[in-house]
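Take a look at the fold below before reading on.

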Amino acid sequence: MNFLVIGGAGFIGAYVTRTLLAQGHKVVVYDMSLAENTLGKVLSAEELEKITMVSGDVTDLAGLIRAIRENDIDSLVHLAYWQIPASNNNPHKAIEINALGFNNTLEAMASLNLKRLVWTSSNAVFGSPKYQPVTPLPNDAIQKPNLVYGALKSLNEFMAEHYYTHRGVDSIGVRLCLVYGYGRMRGASTFASDMIVNAALGEPCVIDNGDSEVDWYYVEDAAQLIAHALTAPTPPRRIYNANSDVQTVRHAAGMLAEMIPDTKLDVKEGALDANWDLDSSLMEEELGFKPKYSLDEGLKDFVYQVREKAGLEVIPGTESIRHYEN
Ligand SMILES: NC(=O)c1ccc[n+]([C@@H]2O[C@H](COP(=O)([O-])OP(=O)(O)OC[C@H]3O[C@@H](n4cnc5c(N)ncnc54)[C@H](O)[C@@H]3O)[C@@H](O)[C@H]2O)c1
């Protein structure tokens, strides 16, 4: 099949692109900033040659439709977004990209009658834990976003449902929380990936909010989830909670300290005002996907990747862990 990955040059997009290529699909990356990207960090030269790159802005509906038509695209992945703090600092621009941009994707789906859209929502739709008495949070928990980022994801979820009901657009959104892995560049939860990179390189690192119990979703699992959702039978819901391994930041730092001699991680007290513990049993039952990497395995693989790319010797106990053939 032919897939267009909007925002495909970013962190999750690079892994999705690599996974889809390995599964034998044609991948077109549509992204406004092809210069600074994760693709070159994750894909081999041979894999990079197989991709078609289109420099385009998702806020330009005509350009998006042209890229879809010219490349005979079947289905879309939408990842283009302004994250935190960018969306808080410039809400006007965030509305343009995160709300109007996502709506352009839905419009393109409807007017070109494409097969499937897969996109990434977030735990940020739920807001602060103080308004959520039940954990893990059910799929249909009340949404009370406390940031521009979460409010626009909430709007995106509403619009995806609207386009499904009124225009027949087949979409699946997955509410990811904290995705970690090699090559992450942006977003509030980049601190987790930075902590692991610094530990792997033996560099000092101060980590705030050590008491936050976050969901550790390894990027290899996130890419497989998105690839799986692209071709799965249409499930009953348009949006699914996605959780993997919920542990405190302090616990993860402790695991790194056991794995790597002489880590210099300074974990501070405090917790982020967000819900990370989501009940993803419906995703397993209805979409048929369950992540495979435990936090321990994700850390071992991530540390291995960092050391290998830096040309440093492998730390005993860390290793390349491949749970998927493709
Ligand atoms: N990384 C996480 O932990 C996480 C968790 C939950 C949800 N998400 C969501 O997943 C998606 C991807 O996240 P990521 O970490 O890969 O982000 P990223 O910032 O690394 O990638 C986003 C990509 O979108 C591109 N982009 C931004 N504005 C654009 C525009 N107007 N037109 C075209 N391209 C544009 C950027 O250039 C970038 O390459 C986002 O929607 C994010 O909100 C991420």
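Does Ala223 count as buried or exposed, and at what relative accessibility? Ala223 counts as buried because its relative accessibility is 0%. Buried means under 20% relative accessible area, exposed means over 50%, and partly exposed lies in between (1.4 Å probe, protein chains only). Ala223 sits in helix H9, residues 219-231. Helices here are DSSP runs of H or I with at least four residues, strands are runs of E with at least two, and both are numbered from the N terminus. Tyr15 is 208 residues away from Ala223 in sequence, yet their C-alpha atoms are 5.6 Å apart in space.

A word on the source. This is a predicted model, in which local features need pLDDT of at least 70 and side-chain atom pairs count only at pLDDT 80 or more, while totals for chains, interfaces and linings use all residues. Residues are numbered from 1 along each chain as its sequence is written, and side-chain values use heavy atoms, with hydrogens and water left out.

Now the whole chain. It holds twelve helices and twelve strands. The C-alpha trace spans about 55 × 50 × 40 Å along its principal axes. Of the 326 residues, 55% count as buried.

A polar side-chain atom of Arg186 lies 2.7 Å from a ligand oxygen. A polar backbone atom of Val179 is 2.8 Å from a ligand oxygen. For Leu79, a backbone N or O atom lies 3.3 Å from one. A polar contact is a pair of N or O atoms within 3.5 Å; within protein, one must be able to donate a hydrogen and the other to accept it, and residues adjacent in sequence count only if both atoms are side-chain atoms. The protein covers 98% of the 830 Å² of accessible area that the ligand has on its own. Accessible areas come from the Shrake-Rupley method with a 1.4 Å probe; for residues, only the protein chains shown count as cover.

Val179 belongs to strand E7. Val179 counts as buried, at 4% relative accessibility. Trp216 is 37 residues from Val179 in sequence and 6.3 Å from it in space, C-alpha to C-alpha.

Finally, a loop residue. Asn139 lies between E5 and H7. Asn139 is buried, at 10% relative accessibility. A polar atom of its side chain lies 3.0 Å from the backbone oxygen of Ile239. The Asn139 side chain also reaches the backbone nitrogen of Asn241, at 2.8 Å.
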